[in-house]
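Please look over the model below before reading on.

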Amino acid sequence: MTISNLDLPVQTLGFSLGDAEQLAGELALTVSNALRSAIAERGAATLVVSGGRSPIAFFERLAQQELDWAKVTVSLADERWVPVSHPDSNEGLLRRHLLQGPAAAARLVGLYQSAASLEQAAERADAVLAELPPIDVLVLGMGEDGHTASLFPDSPNLQQALDPRGTRRCLPMQAPTVPRQRLSMSLSLLASARLTLLALHGRGKLATLNQALAGEPYEAMPIRAFLARPLEIYWCP
Ligand SMILES: O=C(O)[C@H](O)[C@@H](O)[C@H](O)[C@H](O)COP(=O)(O)O
């Protein structure tokens, strides 16, 4: 069950799953259990997820879980600065694959804002996120360059976004691939989550994780900022 050949920090749990279907199922169970506990303890739950290509199966499995979805708020760790109707929109992905059936009763707090510039959109998203309730569960992904959310190595604003005491909730970021213009939650907001899970598919990402564990500067591989905190990693080949 544990990920072999990886020297994980003590505060990190690593689970190795057989394939993408199993990973999606396990992740959906862990997330729904945590949301259910939050609802039982505090009357409501907040989930923040990542976009990209790999979370589709997880979203679909999570949508099938028995939950009081009307008490769940869902938001995004990051967004591509494209309208929600664009095929690259993370909010569009969420709407198509998670907020379906009973899960459509969840409240969605999206990051996309139409504005004159990316900077202005990020300021507007920052104001919207001021109303986001405390995050119960955060699900991150990671790119093979060590980015997570849209915290990309070499992006302008990265240092500000990685400041653990920073007060900005959302910042404009630049990705090396299209769509380049991104909005990302900052480390200070993401790291406030009660439970953080990292979902990784493929041997390439395991190699990236190893490299991240072996080095220091957060700016070179922003995922490192999360490896230094309590984290559960779900991996499949
Ligand atoms: O909008 C995005 O692209 C994401 O939120 C991003 O941070 C993603 O999690 C990683 O790039 C991994 O993406 P995959 O899981 O699709 O490889």
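The paragraphs below cover the ligand site and then an aromatic pair.

This is a predicted model. Begin with the ligand, which sits in the largest pocket. Around the ligand there are 14 residues, and those that come nearest are Arg53, Ser54, Asp78, Ala149 and Lys205. By class, this shell is made up of seven polar, five charged and two nonpolar residues.

Which side chains place an N or O atom at 2.3 Å, 2.6 Å and 2.8 Å from an oxygen atom of the ligand? At 2.3 Å it is the side chain of Ser54. For Lys205, a side-chain N or O atom is 2.6 Å from a ligand oxygen. Asn90 has a side-chain N or O atom 2.8 Å from an oxygen atom of the ligand.

The structure holds two aromatic pairs. Phe15 and Tyr234 form an aromatic pair with ring centres 5.1 Å apart and 45 degrees between the planes.

Where in the chain do Phe15 and Tyr234 lie? Phe15 belongs to strand β1 (residues 12-16), and Tyr234 belongs to strand β10 (residues 231-236). The two residues are 219 residues apart, and their pairing links distant parts of the chain.

Technical notes:
Residues numbered from 1 in each chain as written. Predicted model: local features only at pLDDT ≥ 70, side-chain atom pairs only at ≥ 80, totals over all residues. Heavy atoms only, no water. Near = heavy atom within 4 Å. Polar contact = N/O pair within 3.5 Å; in protein donor to acceptor, adjacent residues only side chain to side chain. 1 Å grid on protein atoms, 1.4 Å probe; cavity = no way out; pocket = protein on both sides within 12 Å on 5 of 7 lines; lining within 4 Å. Sits in = over half its atoms within 2 Å of the grid points. Nonpolar A, V, L, I, M, F, W, Y, C, P; charged D, E, K, R; others polar. Phe/Tyr/Trp six-rings, centres within 6.5 Å; stacked < 30°, edge-to-face > 60°. Helix = DSSP H or I, 4+ residues; strand = E, 2+ residues; numbered from the N terminus.
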